[in-house]
Amino acid sequence: MVPDFLRLAAHPLRWQLLGLLADGDLRVRELVALTGEPQNLVSYHLRLLREGGLVTAARSTFDGRDSYYHLDLRRCGDGLAAAGAALHPSLGPAAVPVRRGIAVLFVCTGNSVRSPIAEALLRHHTEGRVRAASAGVRPAERLHPSAVRVLRELGVAVSGRPRDVRTMTRRRFDHVITLCDKAREVCPDLGARRAHWSIPEPEGYEGFRATAAEIDVRVRHLVPALTGGAAR
């Protein structure tokens, strides 16, 4: 369902009126001149904005026959925040801190680059409140040195050896996130909420940096979504 603010503000003329009123209060004839639209059309859309609570009107204290239109910036801000939260929790108001005990498993093919980077970053950004783990559908023998290095540059430590996802079947996870397309197709069902991040295997050290940066952005946006996130 489209949020009320978006349905109301998305019309091109109404958006233009909101932008003009953001600079200050204006009369209808001034809005007509600035938009280049007929007065009856401007008045119609102003009425819709008033009914939606985004715009108010007050009689001029100089000429009572005239009215000034005023944008309610607080209501607009609340509407924008609610619309952002409806799309994704990280786009809304400040999120409630993630509760302890939520378990997230990241899975890629070798568990040597993408999934351990995601595991380490999630643990770092939640200060250990989230039980982050990672595994691979065909685990490598060791963590890739470039993955360890790029995390060190970000001030994040990582250690351990790659794990096989089949060893995780007895553990409870609230979320399982696959980070490569192969893993998405063959990862076993662990009874958790599933999501997929399609991230290619990096090539060259700059590729590792770019991959770590992309995962970092995704993890930062994941954190607010974990609030209250129980397994389905």
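Let's start at Ala195, which sits in strand S6, residues 193–196. Strands here are DSSP runs of E with at least two residues, helices are runs of H or I with at least four, and both are numbered from the N terminus. Before going on, a note on the source: this is a predicted model, where local features need pLDDT of at least 70, side-chain atom pairs count only at pLDDT 80 or more, and totals for chains, interfaces and linings use all residues. Residues are numbered from 1 along each chain as its sequence is written, and side-chain values use heavy atoms, with hydrogens and water left out.

Back to Ala195. Its relative accessibility is 35%, so it counts as partly exposed. The cut-offs: buried is under 20% relative accessible area, exposed is over 50%, partly exposed is in between, with a 1.4 Å probe and protein chains only. What does Ala195 touch, beyond residues up to four places away in sequence? Val176, Ile177 and Thr178. Contact means heavy atoms within 4.5 Å. Val176 is 19 residues away along the chain, and its C-alpha atom lies 6.5 Å from that of Ala195.

Next, helix H9, residues 204–225. It has 22 residues, which should span 32 Å at 1.5 Å a residue, and the end C-alpha atoms are 32 Å apart, so the two agree. The expected span takes 1.5 Å times one less than the number of residues. The buried residues of H9 include Phe208, Ala212, Ile215, Asp216 and Val219. What do the buried residues of H9 pack against? Strand S3 (103–108), helix H6 (114–125), helix H7 (145–153) and strand S5 (175–178).

The largest nonpolar core has 43 residues, and Leu105, Phe106, Ile117, Leu122, Phe173 and Leu179 touch the most other members. S3, H6, strand S4 (131–136), H7, S5 and H9 each supply at least two residues of this core. The largest share, seven residues, comes from H9. By nonpolar core I mean buried Ala, Val, Leu, Ile, Met, Phe, Trp, Tyr and Cys residues joined through side-chain atoms within 4.5 Å. Take Ile117: leaving aside neighbours within four places in sequence, it contacts Ala147, Val150, Leu151, Ala212 and Ile215. There is also a second, separate core of 20 residues, with Leu18, Val32, Leu49 and Cys76 among them.

Now Arg14, in helix H2, residues 12–22. Arg14 is buried yet has no salt bridge. A salt bridge needs a side-chain nitrogen of Lys or Arg within 4 Å of a carboxyl oxygen of Asp or Glu. How far away is the nearest side chain of opposite charge? Glu51 is that side chain, at 9.3 Å. For charge, Lys and Arg are positive, Asp and Glu negative, and His and the chain ends are not counted. Not counting residues up to four places away in sequence, Arg14 touches Arg7, Leu8, His45, Leu48 and Leu49.

Cysteines. The whole structure has zero disulfides, taking a disulfide as two cysteine sulfur atoms within 2.5 Å. Cys180 is buried, at 5% relative accessibility.

Most residues other than glycine have a negative phi. Asn111 is not a glycine, yet its phi is positive, about 55 degrees. Asn111 lies in the loop between S3 and H6, and it is buried at 2%. Glu127 also has a positive phi, about 50 degrees. Glu127 lies in the loop between H6 and S4, and it is exposed at 65%.
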